[in-house]
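Q: Please take a close look at one part of this structure, the aromatic ring pairs and the loop and strand residues that go with them. I would like one connected account.

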Amino acid sequence: MRYNFELYSFYSDAESMKQCIKAGVDGIVVDWEVADKRHRQSLFNTQINRHDLSTLKSAASTYHGTIICRVNGGDLISQNEISSAITHGATDILVPMVKNLSQIEQVLRYINGQARCLIMIETIEAIKISAQIGSLPIDGVYVGLNDLAIARNSRNIFVPIVDGTLDEIKSNIPMRLGVAGLTHPAFGSPIPSHLLVNELRRLECDFTFLRRSFYRDASQLGIASTISAIRRSLEEHTQFDKTKSEIFKKLVSEIVTPMI
């Protein structure tokens, strides 16, 4: 049975995007989230993109499939920003730092049916209202492990996968669910990517992002071969392996991780 799992690659540069598209990714992510991000993540080893309108235009002029634009979220949600993203090619609006239902309802009004709406659960407040989020007419949810770790004052981003947090969110979310980021199954540090694939299968997730760790390893192995290896690993995990899951839990209990 095929595991229909979607891979969305973050925009890096025009040539890398073309290679990702040729290799069969399911979409491209353009990242406009900058407000408060440097301050919020100042002590953490995270990635802060510097995409702008020209980045989105470049992606849309080359690729006519799914283009996800992450806008500024929380109290900085902007109708002008969302409208501009849709006008210039975004098919999906990804909203970070959600803390209450009114913010999501505001985004849905601004989108007005012109694009799909994806919500990030990466705050303690959003976890508490995940059941209500799941009742709204959105198209998917992505759990942001980096900012969730910051909110919890934790240096281990993988804890929510093993402590029941992701299981709770999954039970409350009937639409598509994404989490984490994958790279070549033989790589990944401090958690091997093939073990993370197994957890995504256990949670019955639907998509993930390819970003910093993916591009780091693809620079050595090649984008096409790395994506092909990830696809093979996903196909091999049509059912999750309980033994691998126990190994994953043990590793998580032993490590303090950097941000991915």
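A: The account below starts with the whole chain and then turns to the aromatic rings and the backbone.

This is a predicted model, in which local features need pLDDT of at least 70 and side-chain atom pairs count only at pLDDT 80 or more, while totals for chains, interfaces and linings use all residues. Residues are numbered from 1 along each chain as its sequence is written, and side-chain values use heavy atoms, with hydrogens and water left out.

The chain has 14 helices and 8 strands; these are DSSP runs numbered from the N terminus, helices being H or I of at least four residues and strands E of at least two. For 260 residues a compact globule would have a radius of gyration near 18 Å, and the value of 17 Å for the chain agrees with that. The radius is taken over C-alpha atoms, and the globule rule is 2.2 Å times the number of residues to the power 0.38. Of the 260 residues, 53% are buried, where buried means under 20% relative accessible area, exposed over 50% and partly exposed in between, with a 1.4 Å probe and protein chains only. Among contacts with a separation of 6 or more, 73% are between residues 24 or more positions apart; a contact means heavy atoms within 4.5 Å.

Now the rings. The whole structure holds 7 aromatic pairs. Rings of Phe, Tyr and Trp (its six-membered ring) pair if their centres lie within 6.5 Å, and planes under 30 degrees apart count as stacked, over 60 as edge-to-face and the rest as tilted. One of the pairs is Tyr8 with Phe207: the ring centres are 5.9 Å apart and the planes stand at 80°, so this pair is edge-to-face. Tyr8 lies in strand E1 (residues 6-10) and Phe207 in strand E8 (residues 207-210), so the pair links parts of the chain 199 residues apart. Tyr8 is buried at a relative accessible area of 5%, and Phe207 is buried at 1%. Another edge-to-face pair is Phe214 with Tyr215, with 5.0 Å from centre to centre and 70° between the planes. Both Phe214 and Tyr215 are buried. Ring pairs also join Tyr8, Phe10, Tyr142, Phe207 and Phe209 into a cluster.

Gly188 sits in the loop between strand E7 (176-181) and helix H11 (193-202), and its relative accessibility of 25% makes it partly exposed. Leaving aside residues up to four places away in sequence, Gly188 touches Thr183, Ser193 and Asp217. Pro190 is in the loop between E7 and H11 too, and a cis peptide bond with omega of about 5° joins Ser189 and Pro190.

Most residues other than glycine have a negative phi, and most peptide bonds are trans. Ala180, in strand E7, has a positive phi of about 65° although it is not a glycine. Ala180 is buried, with a relative accessible area of 2%. Glu204 has a positive phi of about 55° and is not a glycine either. Glu204 is found in the loop between H11 and E8 and is partly exposed at 47% relative accessible area.
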